[in-house]
Each structure stands twice: as C-alpha cells, then as structure tokens.
Amino acid sequence: MIIIMQAQASEREIDKIKDSIISLGCEVNEYQNQNHRILGLLGDTSKINIDLLKGNRSIDKIVYVNEPYKKVNRLFHPEDTIIKVLDKTIGKDHIAIIAGPCSVESEEQILEIGKEVKDAGASFLRGGAFKPRTSPYSFQGIGDSALDYLKKARDIIGLPIVSELMSVHMLDRFVEDVDIIQVGTRNMQNYDLLKELGRIDKPILLKRGLSATIEEFLMAAEYIMLGGNENIILCERGIRTFENYTRNTLDLSAIPIIKKKSHLPIIVDPSHATGLWWLVEPLAKAAIAVGADGIMIEVHNNPSKALCDGNQSIKTERFASLMKSLKEIARIENRIL
Ligand code: PEP
Ligand code: MN
C-alpha cells in the first residue's frame, strides 16, 4: 500500500501517520520530490484501519500495491532511479555502454581492448575474473590477477570497471576493487548473496535468471534493495525458450515492461542473449530503440582466440562502428550517449 500525502500536509501530521503505522509493525519507505510525498508501506498492512486513514485530510490518496515487489516498484518511487558511478551516470536520460571481453586473459589483453572501447565511446570496461562455466573442464577465469589487471586498466584508461562476483567469500575484495559488481544469471536467485549485496552501497548489475519471469527478476532486486542498497542496474540477457538457434531468446519486451513497473535502470546484454556475434549489432540497436538504459557487449581484439565466448564477441573495430549507430538512435530517442 502507498499513501500519497497532500502537498500542504504538515511534518507533524506526516509523523503522526508514520508512527501509527510503525506501531502496528509495518515499515515506512519514504519518497519525496518537488510534488510528492509518498509513504510506501512494507510488511503486514492488514491491521491498519484504512477507513481512519481515508478520513485524514492530510492524505490525498491511498493506493494498493498488488505486486509482491515494493521498494523496486515504480509506485513507491515514481521517478527513474539514476545511478552514479565515478564520473558516469546511468538511468533516466543517460545511456551506459559497458564493453570488454568475456574474460580478462592477460594484462596486455585488457589494456588493449580497454583502450579501444574507450576510444570508441564506451563508458565502462567489463571483464570476467571468475567465470561461471557450465562445464567444470572449461576455462574458469584467471581469478584474482584479473582484478589487478582491471584496476590497472581503470587507472590508465579511466573507465570504471565491471566484474562478476560469484561467491560471498570474495565480497570484500570486490567492494574494494570493482566499480560495479555483476551478479550473473546463475546467481540471480542466490538469496544469501543478494542479502549480502543489500548491506553494501556499491552499484550492483543484476542479470536476469536463465528462466526467471519478470516478477522473479524484480523480486531478486527487491532482496538487495530491502537490505538498503538502492544502487541496482537490471540486465536483460536473454531467457531460455524452446528456440535453440540462438543461445537464449532476447526478451526485448521486458524492457518497456520493467520500465513501467520499476524505477530501476535496465540494460541489455545482446552477447549472451544471442551467442552469435553477427546478431549482437542489430539487437544492441533494438535495445536502445525500445528504451534500454544501456547495453553490455562482449568485445575482443581476437575473437577466434578468445578463452571464453569468442563466438559472441565482436571485434573492436565493429564495436566502434556500432557506437556511431547507437549514438544516432540515442539522439532520436532524446537520450544522452
Ligand atoms: C557474463 O556476463 O560474462 C556472463 C557470464 O553472463 P550471464 O551471467 O548472463 O551468463
Ligand atoms: Mn561471456
């Protein structure tokens, strides 16, 4: 339930309402902008005397929130959330482009790709250090040293860095070293991990689970937000369907749906969605056209030699030409890229 206060409601009156709700065991999530003061109610609201509230002259409206997600719900927070990471902004007018290899392979590799994607206009550098591979026999990432190389790349190139955290035991290292902590598709429902991420204030890039519904995806974000971390960027990366031509099926309709239902920014990963490098460009363009707040693309300087996901990685020169198209689409959509 949310309570929308009258613009002229006094602080005293608002405090009285809040206190009466809290005394019944509910939590109050406050939202304030120039025009609105909204009290979002969390917990069991069944004991609240709605008729009493309805008669209160300081209250403009009471709205029932049917969805199970509350803090990520747009009703709780009508304006788009804007996330700031170092000198970069994601959300509302600002589109973020995260680019880089699936995995950091060496210092030279991440520095070379990093410089090229920066020159082409990327706003973040990605690179996996610990890789969640289907086969235990596949390359698992180079681990800790990848984080050292990413940090060096950030210092030299000046792009904030994004990398995937697989396990709670590495959390402190990631908080220290990484600018955006990625939660991969396989961990979207690792609720212990999500709760821990709720206790920090680093931005989290939460990828949609392989077979997660939009509601399950938003509930995963709710876990993080309930802990107090409101810096969440959602990422649609394709879902599993009966279609097997592509690695996954990119659910582009999830973008406008999530933007309607939630205030959190949502980006698209066309690389893992398709698994095929030649589908990355058209779907990246489509993502910006449907209103995504950014894209995350795997870029490699030598895809045929990549240790992971070479088939879906585009070359640095293709990334540069794609950026030009994306800028045009962003301009038509009145967004900043
Ligand atoms: C990745 O971004 O490298 C990755 C493993 O993605 P996902 O979790 O979406 O499969
Ligand atoms: Mn990958």
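Which residues of the largest nonpolar core touch the most other members?

**Figure 1. Largest nonpolar core of the predicted model.** This core holds 69 residues, and those touching the most other members are Val117, Ile181, Leu197, Leu206, Leu234, Ile295 and Phe319. Helix H7, residues 214-226, gives the most to this core, with seven residues. A second, separate core has 16 residues, including Met5, Ile17, Val28 and Ile62.

**Figure 2. Surroundings of isoleucine 181.** Residues up to four places away in sequence are left out of this view's contact list. Among the residues that Ile181 touches are Ser163, Leu165, Leu171, Phe174 and Val175. The list also includes Leu197 and Ile200, together with Lys202, Pro203, Ile204 and Leu205. Both Ile181 and its contact Leu197 are named among the residues of the largest core that touch the most other members.

**Figure 3. Domains of the protein chain.** The domain assignment divides the chain into domain 1, residues 2-63, and domain 2, residues 83-332. Taken over C-alpha atoms, the centres of domain 1 and domain 2 are separated by 38 Å.

**Figure 4. Asparagine 56 in a loop.** Asn56 is found between helix H2 (50-54) and strand E4 (59-63). With a relative accessible area of 18%, Asn56 counts as buried because the cut-off is under 20%. Not counting residues up to four places away in sequence, Asn56 touches Glu13 and Ile17. Ile17 is also one of the residues in the second, separate core.

**Figure 5. Residues around ligand 1.** There are 13 residues around ligand 1, of which Arg126, Lys131, Thr185, Lys207 and Arg237 come nearest. Oxygen atoms of the ligand lie 2.6 Å from a polar side-chain atom of Arg237 and 2.9 Å from a polar side-chain atom of Gln182.

**Figure 6. Arginine 335 after helix H11.** Arg335 is found in the segment that follows helix H11 (316-332). Its relative accessible area is 14%, so Arg335 is buried. The side chain of Arg335 makes a polar contact of 2.6 Å with the side chain of Asp293 and reaches the backbone oxygen of Lys92 at 2.7 Å. Leaving out residues up to four places away in sequence, Arg335 touches Lys92, Asp93, His94 and Ile95, as well as Gly291, Ala292, Asp293 and Ala330.

Figure 7. Most residues other than glycine have a negative phi. Leu86 sits in the loop between strand E5 (83-85) and strand E6 (88-90). The loop that holds Asp309 runs between strand E14 (294-300) and strand E15 (314-315). Are these residues buried or exposed? Leu86 is exposed, with a relative accessible area of 58%, whereas Asp309 is buried, with a relative accessible area of 17%.

Note on methods: Residues are numbered from 1 along each chain as its sequence is written. Chains are lettered from A and ligands numbered from 1 in the order in which they are written. This is a predicted model: local features need pLDDT of at least 70, side-chain atom pairs count only at pLDDT 80 or more; totals for chains, interfaces and linings use all residues. Side-chain values use heavy atoms; hydrogens and water are left out. A nonpolar core is a set of buried Ala, Val, Leu, Ile, Met, Phe, Trp, Tyr and Cys residues joined through side-chain atoms within 4.5 Å. Buried means under 20% relative accessible area, exposed over 50%, partly exposed in between (1.4 Å probe, protein chains only). Helices (H or I, at least four residues) and strands (E, at least two) are DSSP runs, numbered from the N terminus. Contact means heavy atoms within 4.5 Å. A residue is near a molecule or strand if one of its heavy atoms lies within 4 Å of it. A polar contact is a pair of N or O atoms within 3.5 Å; within protein, one must be able to donate a hydrogen and the other to accept it, and residues adjacent in sequence count only if both atoms are side-chain atoms. Domain bounds come from an automatic or database domain assignment.
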